[in-house]
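Hello,

Here is the structure I said I would pass on. Please look through it first, then read the notes below it.

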Amino acid sequence: KDHPDRSLFKFLLLDSGSRFMEVVREARAVVLVGGTLQPVEDMALQLFPDALRSGRVRSLTCSHIVPAEHLCVLALPKGPTGLPLRLDHTNRQKSSVIDELGRLIVNVTRAVNDGV
């Protein structure tokens with residue numbers, strides 16, 4: 001439960017290189033795959049500073065694999081039952097909002113031919 005008289009300090013380490021350094025030190029080769037690693041150059045500099053400077057790092061970047069005409073982006077102000085979809089700090093933990101998001105996902109997956 002929340003205790004208004006207590007202070008809380010949270011720390012989030014954004015240097016992903018520190019998480020992988022042990023793997024990099026022990027591996028003969030490392031392959032980084034995934035669109036969420038962008039920009040790859042920053043990640044490579046954190047993980048392989050010496051190898052990057054010496055030219056031992058190679059990268060391959062491909063375009064998006066899903067054609068633009070196969071994408072549909074929508075902003076939905078409310079869910080299937082009419083509940084407003086406000087995912088701000090106050091509302092995102094409410095079970096009613098989470099349930100409404102679940103109903104929305106189920107409805108979308110049923111409506112989209114061949115799935116999502």
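The lining of the second largest pocket consists of 5 nonpolar residues, 1 polar residue and no charged ones. In this division Ala, Val, Leu, Ile, Met, Phe, Trp, Tyr, Cys and Pro count as nonpolar, Asp, Glu, Lys and Arg as charged, and the others, Gly among them, as polar. The lining residues are His-70, Cys-72, Val-73, Leu-74, Leu-76 and Val-108. A pocket here is an open set of points, on a 1 Å grid over the protein atoms alone, where a 1.4 Å probe fits, with protein on both sides within 12 Å along at least five of seven lines; lining residues have an atom within 4 Å of a point. The volume of this second largest pocket is about 160 Å³, where volume means the space filled by probe spheres set on the points, and points are joined across faces, edges and corners.

The model is predicted: local features need pLDDT of at least 70, side-chain atom pairs count only at pLDDT 80 or more, and totals for chains, interfaces and linings use all residues. Residues are numbered from 1 along each chain as its sequence is written, and side-chain values use heavy atoms, with hydrogens and water left out.

On confidence, pLDDT (the predictor's confidence in each residue, from 0 to 100) has a mean of 78 over the protein chain, and 79% of the residues reach 70 or more. Confidence is lowest in helix 3 (residues 49-54), with a mean of 73, and highest in helix 4 (residues 95-111), with 91.

The protein chain has 4 helices and 0 strands, in the order α-α-α-α along the sequence. Helices (H or I, at least four residues) and strands (E, at least two) are DSSP runs, numbered from the N terminus.

How much of the protein chain is buried? Of its 116 residues, 11% are buried. Buried means under 20% relative accessible area, exposed over 50%, and partly exposed in between (1.4 Å probe, protein chains only).

In helix 2 (residues 40-47), the buried residues include Met-43, Ala-44 and Leu-47. Seen down the axis of helix 2, its buried residues fall within an arc of 100 degrees, so they line one face of the helix. The arc is that of the directions from the helix axis to the C-beta atoms. An α-helix has 3.6 residues a turn, so residues three or four places apart point the same way.

Met-21 touches Gln-46 and Leu-47, not counting residues up to four places away in sequence; contact means heavy atoms within 4.5 Å. Met-21 and Leu-47 are 26 residues apart along the chain, and their C-alpha atoms are separated by 6.3 Å.

Pro-80 belongs to the loop between helix 3 and helix 4 and is partly exposed, at 39% relative accessibility. Leaving out residues up to four places away in sequence, Pro-80 touches Glu-100, Arg-103, Leu-104 and Asn-107. Arg-103, also in helix 4, is partly exposed, with a relative accessible area of 36%.

Regards
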